[in-house]
Amino acid sequence: MIAPLAYTKPRSLAEALELLQIAHSLPLAGGTDLLVELKKSNKRPALLVDLKGIPDLDELALTADRGLRIGANVTMNRLIESGELVSAFPALTDAAMTVGTDQIRNRATVGGNLCHASPSADLAPPLFVLDTQLVVASLQGERRIPISALWQGAKQNTLQPGELIVQIEVPWPGAAAKMAFLKKMRTAGHDLALVNMAGLLDPVQGRCRICIGGCACTPVLLPGTDTLYQESRDPDQLTARLLALAEATIVPIDDVRASARYRREIVAVFLQRLLKLLAVETKGWGRC
Ligand SMILES: Cc1cc2nc3c(=O)[nH]c(=O)nc-3n(C[C@H](O)[C@H](O)[C@H](O)COP(=O)(O)OP(=O)(O)OC[C@H]3O[C@@H](n4cnc5c(N)ncnc54)[C@H](O)[C@@H]3O)c2cc1C
């Protein structure tokens, strides 16, 4: 027989951080990953600390000076429902729109999507290309980490026991920057990605960022792409160099969703499609 779950719902961040000092306690947000995991296993945390009663984690603000600030408890549907966000960060809201069903998007939080550390978490690629920082809180205080430092491996994050993500900070991309997000699933509308990908192209600042999910044990931000873009903006040459880089960087596996070979094929198709989308958005490849 499986032991019942011990559950509590603190009303402040300070109270939650105190409760998370209890050995083997776990934070619970929307529960769309955690409760599924607990159902599948015999593992029982000493205490589930429900974060949804903490108003500090609900902030969603877009300001000229500080960019976008997303409280860890903000749900996918809150991201999508903000018209301002849809026009300012379209790759992020497009990614949120593809998560599960409407019911899942009503529960699923941004903090939970990142902390579950799935290689195919849909919010990861857009947040990676946007140079996102995470604010991590514990009883010892706050620290900031780049989003890439959160993933240790598939479904393993680098947070220490007692630590919480409280805020996701997304700087404004340059005014000329364009973004796009693509996702390949087995079924329409309701599945984890077998490959997802986000790109950012800024012809003024000479920035080109590509992040690929589902093709390694962590999302992969292709290295050195700004330099490739600055060296050559010839579309054919840049596309060929990025394809070779992606091919050499990803390490996809065979699993229930797809074979490694199929994932490689999708990456090649998506990368070309993504670059075309970004080039159309930026009205060409930008001049050197
Ligand atoms: C039917 C279904 C379809 C889905 N489809 C998709 C999909 O298309 N794309 C996709 O990316 N995901 C999908 N998911 C997975 C899931 O919905 C998302 O990853 C979701 O964003 C997780 O958020 P949550 O609030 O439910 O997290 P929870 O399940 O509450 O928590 C997830 C993990 O993060 C930890 N955690 C939560 N909040 C914090 C915090 N603030 N600080 C530290 N740790 C924290 C928890 O302890 C747990 O380990 C799907 C899930 C289901 C059940």
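How many nonpolar, polar and charged residues does the shell around the ligand have? In this predicted model, the shell has 16 nonpolar, ten polar and five charged residues. In total, 31 residues surround the ligand. The closest are Pro27, Thr32, Asp33, Leu34 and Thr109.

A polar backbone atom of Pro27 lies 2.5 Å from an oxygen atom of the ligand. For Gly30, a polar backbone atom is 2.7 Å from a ligand oxygen. Asp122 contributes through its side chain: a polar atom there lies 2.7 Å from a nitrogen atom of the ligand. Taken alone, the ligand exposes 990 Å². The protein buries 89% of that area.

Four elements are listed as giving two or more residues to this shell: strand E2 (25-28), helix H6 (102-107), helix H7 (110-115) and strand E10 (164-170). The largest share comes from H7, with three residues.

Aromatic pairs were examined next. A pair of aromatic rings is described by the distance of the centres and the angle of the planes. The count comes to two such pairs. In one, the ring centres of Phe89 and Trp172 are 5.6 Å apart. Trp172, at 39%, is partly exposed.

Phe128 and Trp151 form an aromatic pair that is edge-to-face. Here the distance is 5.6 Å centre to centre, and the planes stand at 70°. Phe128 lies in helix H8 (residues 124-129), whereas Trp151 lies in strand E8 (residues 151-153). The pair therefore ties together parts that are 23 residues apart in sequence. Both Phe128 and Trp151 are buried.

A charge also sits over a ring. The charged end of Arg233 is placed over the ring of Tyr229, 4.2 Å from the ring centre.

Definitions and conventions: Residues numbered from 1 in each chain as written. Predicted model: local features only at pLDDT ≥ 70, side-chain atom pairs only at ≥ 80, totals over all residues. Heavy atoms only, no water. Near = heavy atom within 4 Å. Polar contact = N/O pair within 3.5 Å; in protein donor to acceptor, adjacent residues only side chain to side chain. Areas by Shrake-Rupley, 256 points an atom, 1.4 Å probe, with all protein chains shown as cover. Nonpolar A, V, L, I, M, F, W, Y, C, P; charged D, E, K, R; others polar. Phe/Tyr/Trp six-rings, centres within 6.5 Å; stacked < 30°, edge-to-face > 60°. Buried < 20%, exposed > 50% of the residue type's maximum accessible area, 1.4 Å probe, protein only. Lys NZ or Arg CZ within 6 Å of the ring centre and 35° of its normal.
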